[in-house]
Amino acid sequence: SAYVPASERYDTMIYNRCGKSGIRLPAVSLGLWHNFGSIDNFENGRAIVRRAFDKGITHFDLANNYGPVPGSAEENFGAILQKDFTGNLRDELVISTKAGYHMWPGPYGDWGSRKYVLSSLDQSLRRMKLGYVDIFYSHRPDPETPIEETMGALDTAVRQGKALYVGLSNYTAEQTKAALAVLQSLGTPCLIHQPKYSMFERWVEGGLLDVLEANGVGCIPFSPLAQGLLTDRYLKGIPEGSRASKPSGFLKADHITPEKLDKIQRLNAIALQRGQTLAQMALAWILKDKRVTTVLIGASSVEQLDNNLGALHKVQFDAAELQEIENILR
Ligand code: NDP
């Protein structure tokens, strides 16, 4: 059936300015790493994207390799755009993609060379049937390629009109500083950094967030729910169809140790006291830091998406709650 976006789609979402740029992003963004590949149900993914947009999620995050199979998430997203986001709706969307992980065989299908980065973007645009993406990322630092070359490729993508902004992902604080300086010198300032950040993964607090703030760069933490650990998903074992139950992906059943589960249960109790689900509290906990622009979630159903959006009803914590959470995470 034809999709007509909800007329009230901008009424409740919060939009935060991305660093010192002109762009505001929704406090919650949707990632298509899982659940949108050729192994997944297309109509389920399509329903999630429609629902997201109806709720004010204007930002969709992809990468060349999302699937499985690699590339299929971009193909499916392109198909959703063609079916549902016609007319001028493209102008209401911020679409991201990335290059940096293995994509095709041979020496030019991985890492950070100019050769790989620019041809990968062309492939992504073809798969999504787009003329440009809004944000193009270097997906990871390449220790063997000069930073000038990788950043130069991002700058070229913008000058070619194939990307509006550029971003970095998985760069350490030091690597980020070096990359920001090169981008600045080229006249293509970095819009945003995409690091892994959740209650269970706090490396960004050790310097990266300060570097981003000092340079006016936004921050979009990925896996804020630790791939589903920071939800009620695994409180009573590993349900069929959950990410930890599947052979593809990086969340394995043996990551859910008794020690982790104990922390999850105790965090869950605090969330319930706050009148939230654990997923909502985990997202609010990331959003409490003003250096964070938007949390980048995944969802395997419309229900999960709705639940996660409920986080925005209560993002503040009192000091006692924060201390209790610290005691559990320690
Ligand atoms: P999350 O930590 O948000 O995990 C999402 C998963 O958690 C869902 O697929 C679902 O798993 C479960 N879940 C979500 N909401 C709920 C809920 N309310 N209740 C119960 N379970 C829930 O993020 P992801 O790991 O998916 O990463 C998000 C995005 O970040 C990716 O799509 C990608 O765009 C980006 N990313 C970037 C990386 C990078 O290197 N730059 C690396 C990884 C991700 P289930 O399938 O079990 O239902």
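This is a predicted model: local features need pLDDT of at least 70, side-chain atom pairs count only at pLDDT 80 or more; totals for chains, interfaces and linings use all residues.
Close-up 1. E240 lies in the loop that runs between β9 (218–219) and α7 (258–273). With 7 other C-beta atoms within 10 Å, E240 is exposed, because a residue counts as exposed when 12 or fewer such atoms lie within that distance. From C-alpha to C-alpha, E240 is 34 Å away from H193 in space. In sequence, 47 residues separate E240 and H193.

**Close-up 2. Packing of helix α4 against helix α5.** Helix α4 spans residues 147–159 and helix α5 spans residues 173–186. Their axes are 9 Å apart and meet at an angle of about 50 degrees, which means that α4 is oblique to α5. The crossing of α4 past α5 is right-handed.

**Close-up 3. Residues in the contact of α4 with α5.** On the α4 side, the contact is formed by I147, E148, M151, G152, L154 and D155. A178, A179, V182, L183 and L186 make the contact from α5. By class, the residues of this contact comprise eight nonpolar, one polar and two charged.

**Close-up 4. The shell around the ligand.** The ligand is surrounded by 31 residues, of which G31, W33, F222, G228 and G298 are the closest. Two elements, β10 (295–297) and α9 (302–309), each give two or more residues to the shell. The most comes from α9, which gives three residues. Sorted by class, the shell contains 17 polar, 10 nonpolar and four charged residues.

Definitions and conventions:
Residues are numbered from 1 along each chain as its sequence is written. A residue is near a molecule or strand if its C-beta atom, placed from the backbone, lies within 6 Å of it. Helices (H or I, at least four residues) and strands (E, at least two) are DSSP runs, numbered from the N terminus. Ala, Val, Leu, Ile, Met, Phe, Trp, Tyr, Cys and Pro count as nonpolar, Asp, Glu, Lys and Arg as charged, and the others, Gly among them, as polar. Axes are lines fitted to C-alpha atoms, for helices over the stretch in contact, and angles run from 0 to 180 degrees between N-to-C directions. Angles under 35 degrees count as roughly parallel, over 145 as roughly antiparallel, 65 to 115 as roughly perpendicular and the rest as oblique. A crossing is left-handed if the near helix is turned anticlockwise from the far one by less than a right angle, and right-handed if clockwise. Two residues are in contact if their C-beta atoms, placed from the backbone, lie within 7 Å. A residue is buried if 20 or more other C-beta atoms lie within 10 Å of its own, exposed if 12 or fewer, and partly exposed in between; C-beta atoms are placed from the backbone.
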